[in-house]
Amino acid sequence: MNWLDANVLPWLIPIPPLIAFMLIALATNRSRTLTHIVAIAGVALSWLMSIAVVLNAIQYKDLGTAARGVFGTNTQVAWLANGANNLASGALNMGILVDPLTTVMLFMVPLTCLLIFIYSIGYMAHDPRNTRFFGFLSLFAGAMLMLVVAGNLLLLFIGWEIMGLCSYLLIGFWYEKPSAYQAAIKAFLTTRVGDVIMMIGLAYLWAFTGTLNFRDILYNEEILHRLATTPALGGFLGLSAAGLIGICIVAGTIGKSAQFPLHVWLPDAMEGPTPVSAMIHAATMVSAGVYLVIRMFPLLAAGGNVEAGQLTAPLTLMAVVGAFTALFSATIAIAQNDIKKVLAYSTISQLGFMIAALGIGAYAAAAFHLITHAFFKALLFLGSGSVIHAMEHGEHAAHAAHGAEHHAATQVSVATQTGHEEQHVEKGVHAAHDEHGHAAESAPAFDPQDMRNMGGLWRRMPVTAATFIIGGMSLAGLPLVTAGFWSKDEIFADAVNMSGKSPVAIVVLVFLALAAILTALYTMRQIAMTFFGSPRTEAAMYAEHNDGTTAGRNISVELTAPLIVLAFFAIFAGFVGVNPGFPIVGPILSGVFNLRAPFGAFVGRTLLEPPPHLEFNILPVLVSLTVFLVGAGAGWLLYFQKPIVLGEPDAAEGLIGQYFGPSAYRVLQNKYYIDEFYVAYFVNPARWVAERLVNQIIDRGIIDGILHSIAAIAIWIGNLFREFNRVVIDGVGDGIPEAIADAARSLRTVQSGHIQQYLLYALIAFLWVGANLTILAVLPQWIGWAFVVQVGLVIVFVFLTNFGGARTSSE
Amino acid sequence: MVPLLAYLLVAAALFCIGVYTVLARRNAVAILMGVELMLNAVNINLVAFWRFLTPINETASGLKTSMAGQAFAAFVFVVAAAEVAVGLALILSMYRNRQTVVAEDVDSLKY
């Protein structure tokens with residue numbers, strides 16, 4: 001077997017991290033170094049194989065089009081044979097599919113995972129559960145890769161659910177914190193809502209077609225036509241079967257990709273360690289939801305004509321939900337002060353962009369934004385992790401500096417040296433592990449994630465600042481330079497193109513444009529609050545990080561290298577998708593990369609009929625430019641011109657209060673009170689049902705009642721037996737020996753030791769026997785009466801001896 | 001000739017005296033004497049029955065009869081003598097240990 005064979009290699013991609021997970025869990029969990037080696041080796045091996053597959057795949061110009069099957073696509077192995085025979089074998093398969101969409105995912109996912117693994121080595125270096133962290137992370141990476149290469153929905157769903165589990169485990173990684181485990185439960189349960197609906201959809205799809213293979217469903221026009229024309233089960237809402245299945249699948253995506261109304265778990269998921277936030281809750285897992293709908297696009301679009309502006313029900317749902325979510329969470333993001341919360345809402349918003357784009361048929365643009373967003377959002381999260389680290393160090397350094405107030409500043413660096421060794425865990429974590437006693441003296445209110453406590457950090461950590469700003473600009477869409485600009489531009493291009501044909505597209509365009517303005521605004525705000533201005537707290541003043549700023553400290557390669565690599569992709573990943581018709585830049589890039597076609601055309605070949613190539617249009621570019629300039633300009637005026645002052649209201653607060661009423665800003669800060677709404681209408685009723693109905697009435701009342709009655713009956717029967725035992729059995733059992741003992745006691749007085757008494761007895765016995773013999777000889781007819789008389793005499797005798805004086809003599 | 005009944009009455013009387021002596025006397029030597037009386041009453045019976053009841057057979061060499069009764073009586077004498085010897089030895093031993101010859105007082109072998 002040729003191990004580099006394209007038919008073999010994709011199968012192997014998910015394996016190394018899974019093996020690494022098992023090795024870490026079973027063998028190397030005692031050794032950090034070994035664990036790091038195993039984890040990195042696993043994901044690096046996957047990365048190398050993915051690169052080999054990607055390089056192979058882009059060589060095939062037929063990949064995904066006419067000659068499907070040329071390159072390693074769609075090898076399937078029967079897994080659970082079941083006898084049904086609708087379309088294919090009816091068996092559930094285990095299989096892989098490599099097509100252009102898989103290829104671009106294979107470019108992004110393993111690379112991001114590898115970089116985040118490397119970053120985690122530095123970030124989690126001092127965590128007591130370091131090895132557990134890498135075990136979970138490896139399991140997660142394996143599941144994500146399995147999802148990406150999966151050739152059918154079942155395998156995809158398996159990866160999907162393993163990722164859900166890993167997400168739960170990693171959000172609750174610091175389970176000493178109540179907020180962390182609560183967030184873990186919240187994430188798990190919220191995504192479960194979507195997953196259940198999705199699984200119903202999958203079951204319906206399988207029941208309808210008899211297969212879950214992508215290739216057999218999505219590239220089979222007959223099946224798609226049948227799905228689109230058959231009314232859904234029971235004529236549900238007048239949908240077609242394809243519509244109902246599509247909506248179920250979109251529901252899964254809404255859960256996994258944190259779209260309204262199931263978005264509530266993602267901001268709370270920031271309780272996990274920051275690399276987890278970067279990897280799972282920004283770059284990969286939440287992208288899996290978008291990947292799913294991109295993958296299932298032919299099914300979602302079945303029955304409509306996207307190019308003519310006829311959107312099917314699932315697409316319309318996606319467009320509306322995505323557009324609404326994009327704007328909705330962008331408004332929340334501008335009012336958040338926690339550095340990771342801003343990024344969390346930004347992630348929700350950007351995922352909304354992708355969903356909305358796909359909803360209006362912008363297939364390639366959605367995939368493009370998925371890739372670029374993964375890079376710059378991973379970068380931003382890792383950067384924020386570095387900032388949080390630095391702020392924690394700064395907090396300790398500030399305390400140490402107070403201890404040595406009279407000494408020169410040189411003392412500070414010495415003090416930070418000692419503080420550094422002790423403190424490497426994230427905010428307020430590990431009350432249990434906090435043995436160094438700093439908790440008591442440090443102000444409990446200090447929050448190293450609160451941007452209001454930061455300011456001026458670029459002087460303390462220039463590498464982090466530079467890469468963070470690159471990521472932020474990419475997110476905001478800095479024109480021409482950054483990846484985020486190009487991918488957003490593609491979305492706007494599709495939206496503009498569609499807006500003439502579908503009113504939904506106009507809504508999407510407007511919402512996304514507004515969201516993009518807000519995106520630029522909150523990004524500027526975040527950068528300004530974090531890195532510019534003057535330090536607002538002592539922690540910020542002393543903040544430091546291993547990125548080479550402090551003299552005498554080594555640059556921590558594992559913390560800075562991933563940032564730099566991601567920053568590279570945050571800029572250059574966008575150039576592969578530039579429309580060749582773009583003035584000046586387009587032709588140059590097409591020449592430089594020497595690509596046969598830019599990203600859009602490459603990914604477009606995943607579909608049966610690749611989407612038409614959009615001619616260059618100046619309008620979307622103007623939109624992109626305008627939204628960036630408006631948003632960034634507002635950010636510049638509000639936050640760079642007048643850096644915020646600790647304790648004073650945010651600049652946006654005044655503006656919003658002026659236009660929308662005084663309480664509007666508080667509504668934003670409290671995320672539209674959706675959490676409170678869910679608590680009041682879902683969590684509390686569920687809890688009430690659990691506690692009152694299930695626990696108190698059903699469990700304690702009915703079930704316990706039945707059990708207790710059974711127990712009482714058993715006890716009653718047992719008592720009955722005990723009485724029987726005591727009276728009858730013990731009575732007989734004890735009575736016989738007692739009677740014997742009584743008889744013996746009274747009989748033993750016969751043996752008095754007086755020889756003459758014995759002789760008297762002998763004489764009496766002799767006479768008695770003689771008398772009887774005489775009677776027998778002389779009057780045999782009287783012997784019966786004689787016997788009766790004798791027995792009567794014996795009884796009288798025994799009676800007299802027992803109840804007369806004989807008892808007393810036995811003492 | 002004295003009839004058999006007379007012998008039997010004497011023997012019975014003698015036996016009763018012996019029984020009474022054995023049961024009523026306190027002195028162990030007297031009890032031993034009572035036993036002798038009973039044995040002799042038996043002897044009288046044995047001899048009397050032999051004398052009156054055993055047939056005399058005529059054989060070629062003259063009159064012949066069984067001597068079983070007399071032999072039995074002689075046997076009883078021997079046994080009685082042995083018994084008295086043992087009994088008196090016991091009484092002596094008893095007296096040495098307990099300074100008494102009263103049968104009532106020697107009752108340690110009891111329940």
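This is a predicted model: local features need pLDDT of at least 70, side-chain atom pairs count only at pLDDT 80 or more; totals for chains, interfaces and linings use all residues.
Next I asked which core L512(A) sits in. The largest nonpolar core has 243 residues, and V293(A) and L512(A) are the ones with the most contacts inside it. When I looked for the main contributor to this core, I found helix α17 of chain A, residues 363-403, which supplies the largest share with 22 residues. Apart from this core I noted another one, of five residues, including V22(B), A28(B), I31(B) and A103(B).

For chain A as a whole, I noted 33 helices and two strands. Of its 811 residues, 50% are buried. Among the contacts in chain A with a separation of 6 or more, I see that 77% are between residues 24 or more positions apart.

I then turned to helix α31 of chain A, residues 755-778. Its 24 residues reach 34 Å from the first C-alpha to the last, which is close to the 34 Å expected at 1.5 Å a residue. Is α31(A) buried or hardly covered? I found it hardly covered, since the count of buried residues among its 24 residues is zero.

What does α31(A) pack against in chain B? Its partner is helix α1 of chain B, residues 4-24, with the two axes 8 Å apart and at an angle of about 140°. I therefore recorded α31(A) as oblique to α1(B), the roughly antiparallel class being kept for angles over 145 degrees. From α31(A), the contact is made by Q756(A), L759(A), L760(A) and L763(A), and from α1(B) by V19(B), V22(B) and L23(B). Sorted by class, this contact has six nonpolar residues, one polar and no charged ones.

For the two chains together, I noted that 10 residues of chain B are in contact with 10 residues of chain A. On the chain B side, these divide into six nonpolar, one polar and three charged residues.

My last entry concerns helices α2 (residues 28-53) and α3 (residues 68-98) of chain B, whose axes come within 9 Å and cross at roughly 175°. By class, I noted 18 nonpolar, four polar and one charged residues in the contact of α2(B) with α3(B).

Note on methods. Residues are numbered from 1 along each chain as its sequence is written. Chains are lettered from A and ligands numbered from 1 in the order in which they are written. Helices (H or I, at least four residues) and strands (E, at least two) are DSSP runs, numbered from the N terminus. The expected span of a helix is 1.5 Å times one less than its number of residues. A residue is buried if 20 or more other C-beta atoms lie within 10 Å of its own, exposed if 12 or fewer, and partly exposed in between; C-beta atoms are placed from the backbone. A nonpolar core is a set of buried Ala, Val, Leu, Ile, Met, Phe, Trp, Tyr and Cys residues joined through C-beta atoms within 7 Å. Two residues are in contact if their C-beta atoms, placed from the backbone, lie within 7 Å. Ala, Val, Leu, Ile, Met, Phe, Trp, Tyr, Cys and Pro count as nonpolar, Asp, Glu, Lys and Arg as charged, and the others, Gly among them, as polar. Axes are lines fitted to C-alpha atoms, for helices over the stretch in contact, and angles run from 0 to 180 degrees between N-to-C directions. Angles under 35 degrees count as roughly parallel, over 145 as roughly antiparallel, 65 to 115 as roughly perpendicular and the rest as oblique.
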